[in-house]
Amino acid sequence: MNKLAIIKEFLNFLRERKKWWLAPIAIFLLVLGGLLIFAKGSALAPFIYSLF
């Protein structure tokens with residue numbers, strides 16, 4: 001399955017079920033995951049991991 005198809009299916013789910021409150025949660029989790037992946041190889045890792 002294509003990655004864009006998953007995003008399209010998620011957006012269709014939000015639109016059909018009127019679950020727009022899930023969108024900020026999903027965006028936050030994606031940003032947090034990206035931050036942790038980015039910080040894994042940088043000098044900021046000890047400071048970011050101490051926040052959690």
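This is a short talk on one predicted protein chain, its helices and the loop around Trp20.

Some ground rules. Residues count from 1 along each chain as its sequence is written, and side-chain values use heavy atoms, with hydrogens and water left out. The model is predicted, so local features need pLDDT of at least 70 and side-chain atom pairs count only at pLDDT 80 or more, while totals for chains, interfaces and linings use all residues.

Overall fold. The protein chain has three helices and zero strands. Along the sequence, the pattern reads α-α-α. Helices here are DSSP runs of H or I, at least four residues, strands are runs of E, at least two, and both are numbered from the N terminus.

Confidence next. pLDDT is the predictor's confidence in each residue, from 0 to 100. The chain's mean is 82, and 85% of its residues reach 70 or more. Helix α1 has the highest confidence, at 88. Helix α3, residues 45–51, has the lowest, at a mean of 71.

Now the surface. The chain has 52 residues, and 10% of them are buried. Buried means under 20% relative accessible area, exposed means over 50%, and partly exposed lies in between (1.4 Å probe, protein chains only).

On to α1. Its 15 residues should span 21 Å at 1.5 Å a residue, and the end C-alpha atoms are 21 Å apart, which agrees. The expected span is 1.5 Å times one less than the number of residues.

Just after α1 comes Lys18, with a positive phi of about 55°. Most residues other than glycine have a negative phi. Lys18 sits in the loop between α1 and α2. Lys18 is exposed, at 63% relative accessibility.

Which loop holds Trp20? The one between α1 (3–17) and α2 (22–40). Trp20 counts as partly exposed because its relative accessible area is 47%. Setting aside neighbours within four places in sequence, Trp20 contacts Leu14 and Arg15 (heavy atoms within 4.5 Å).
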